[in-house]
Amino acid sequence: MSENNKPVVNLIAKPDNMLKTVYTACRTCYSADYPINIYNSTDDEEKMLKLINRVISSGHYSTIEHIQVTFAISNVSRACTHQLVRHRHMSFSQKSQRYVKEKGMFDFIIPPTIEKNDLLKKKYVSFMNKISEQYHEFVEAGIPAEDARFILPNAAASSLVASLNLRELIHLANLRLCTRAQYEIRTMVKMMCDALVAEEAWLKPYLVPKCERFGFCDEDKSCGRMKTREQLGF
């Protein structure tokens with residue numbers, strides 16, 4: 001079992017001039033000037049943010065696809081990574097259960113609902129220990145790790161490097177920061193967003209649940225934070 005039951009997220013790569021790059025892409029669409037001249041001649045942050053907000057609010061998302069960011073992510077369950085890899089326009093390099101043999105007890109994540117119940121947590125940990133024992137019995141008997149892994153659970157902890165462009169990150173945040181999202185991926189995505197916002201504060205208004213961006217909830221079952229489409233009459 002991992003000592004830390006929360007994701008570990010680090011931003012490891014991003015462009016040096018994200019704001020100017022996005023502004024240049026936006027401005028180029030409406031200017032006869034060369035893009036490099038636009039890039040080199042503008043340092044007015046307020047001016048850049050005003051145009052960027054107008055363009056993004058108009059749905060011209062291609063302008064933010066030029067920005068690529070990369071995160072190192074550890075201590076997340078396979079259940080969580082199975083959700084993450086469903087997102088399009090992302091690149092993943094994940095710890096392989098085929099080539100990495102578990103040594104000793106494998107790390108695993110305990111959901112909070114089980115963590116807070118002492119009796120159920122004890123049973124949960126005991127079950128994980130039984131899985132680990134069976135896994136090692138298979139491996140010691142000569143079963144390849146790629147076959148022994150079939151008994152490893154969704155709870156098994158994993159690590160990966162994930163890269164995505166800014167458009168997809170905003171989309172990821174809008175969906176997965178919603179209270180309807182599962183707790184672990186919501187926690188992980190929040191950490192991803194916080195790591196980027198710490199260096200690029202201008203992105204904070206975009207890296208929020210979709211209801212904050214659009215002013216209403218479009219989920220079938222609303223948490224009540226925002227009014228639904230029906231309540232607003234559209």
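User: Which helix is Ser132 found in?
Analyst: Ser132 is found in helix α6, residues 118-140. Bear in mind that this is a predicted model.

User: Why is Ser132 called buried?
Analyst: Its relative accessibility is 4%. Buried means under 20%, so Ser132 counts as buried.

User: What does Ser132 touch, beyond residues up to four places away in sequence?
Analyst: Ser132 touches Gly104, Met105 and Phe106.

User: On to strand β2. What makes Ser77 buried?
Analyst: Ser77, which is found in strand β2, has a relative accessibility of 3%. The cut-off for buried is under 20%, so the word applies to Ser77. Leaving aside neighbours within four places in sequence, Ser77 is in contact with Ile109, Asn154, Ala155, Ala156, Ala157 and Glu184.

User: And Asn75, buried or exposed?
Analyst: Buried: Asn75 has a relative accessible area of 9%, and buried means under 20%. Asn75 also sits in strand β2, residues 68-77.

User: What is phi of Asn75 near?
Analyst: Phi of Asn75 is near 60°, a positive value in a residue other than glycine. For background, most residues other than glycine have a negative phi.

User: His89 has a positive phi too. How do you know whether His89 is buried or exposed?
Analyst: Phi of His89 is near 60°, but the answer comes from the relative accessible area, which is 64% for His89. Exposed means over 50%, so His89 is exposed. His89 lies in the loop between α4 (78-84) and β3 (90-94).

User: Which residues does Ser163 contact, leaving aside its neighbours within four places in sequence?
Analyst: His89 is one of them. Ser163 itself lies in strand β4, residues 157-165.

User: What makes the link between Ser163 and Thr70 a polar contact?
Analyst: The side chains of Ser163 and Thr70 are joined at 2.7 Å. A polar contact needs a pair of N or O atoms within 3.5 Å, one able to donate a hydrogen and the other to accept it, and the Ser163 and Thr70 pair counts as one.

User: Why is Ser163 called buried?
Analyst: Ser163 has 14% relative accessibility. With buried set at under 20%, Ser163 therefore counts as buried.

User: What makes α8 oblique to α9?
Analyst: The axes of α8 (residues 166-176) and α9 cross at roughly 135° and come within 9 Å. Roughly perpendicular ends at 115 degrees and roughly antiparallel starts over 145, so α8 is oblique to α9. The contact of α8 with α9 has eight nonpolar, no polar and two charged residues.

User: How do you know that α8 is largely enclosed by the rest of the structure?
Analyst: Eight of the eleven residues of α8 are buried, so the helix is largely enclosed. The buried ones are Leu166, Glu168, Leu169, Ile170, Leu172, Ala173, Asn174 and Arg176. At the start of α8, a side-chain oxygen of Asn165 reaches to within 3.0 Å of the backbone nitrogen of Arg167.

User: Why is Arg186 called partly exposed?
Analyst: Arg186 has 26% relative accessibility. Buried is under 20% and exposed is over 50%, so Arg186, falling in between, counts as partly exposed. Arg186 is found in helix α9, residues 183-197.

User: Which backbone oxygens does the side chain of Arg186 reach?
Analyst: The side chain of Arg186 reaches the backbone oxygen of Ala181 at 2.6 Å and that of Thr179 at 3.5 Å.

Notes:
Residues numbered from 1 in each chain as written. Predicted model: local features only at pLDDT ≥ 70, side-chain atom pairs only at ≥ 80, totals over all residues. Heavy atoms only, no water. Helix = DSSP H or I, 4+ residues; strand = E, 2+ residues; numbered from the N terminus. Buried < 20%, exposed > 50% of the residue type's maximum accessible area, 1.4 Å probe, protein only. Axes fitted to C-alpha atoms, helices over the stretch in contact; angles between N-to-C directions. Parallel < 35°, antiparallel > 145°, perpendicular 65-115°, else oblique. Nonpolar A, V, L, I, M, F, W, Y, C, P; charged D, E, K, R; others polar. Contact = heavy atoms within 4.5 Å.
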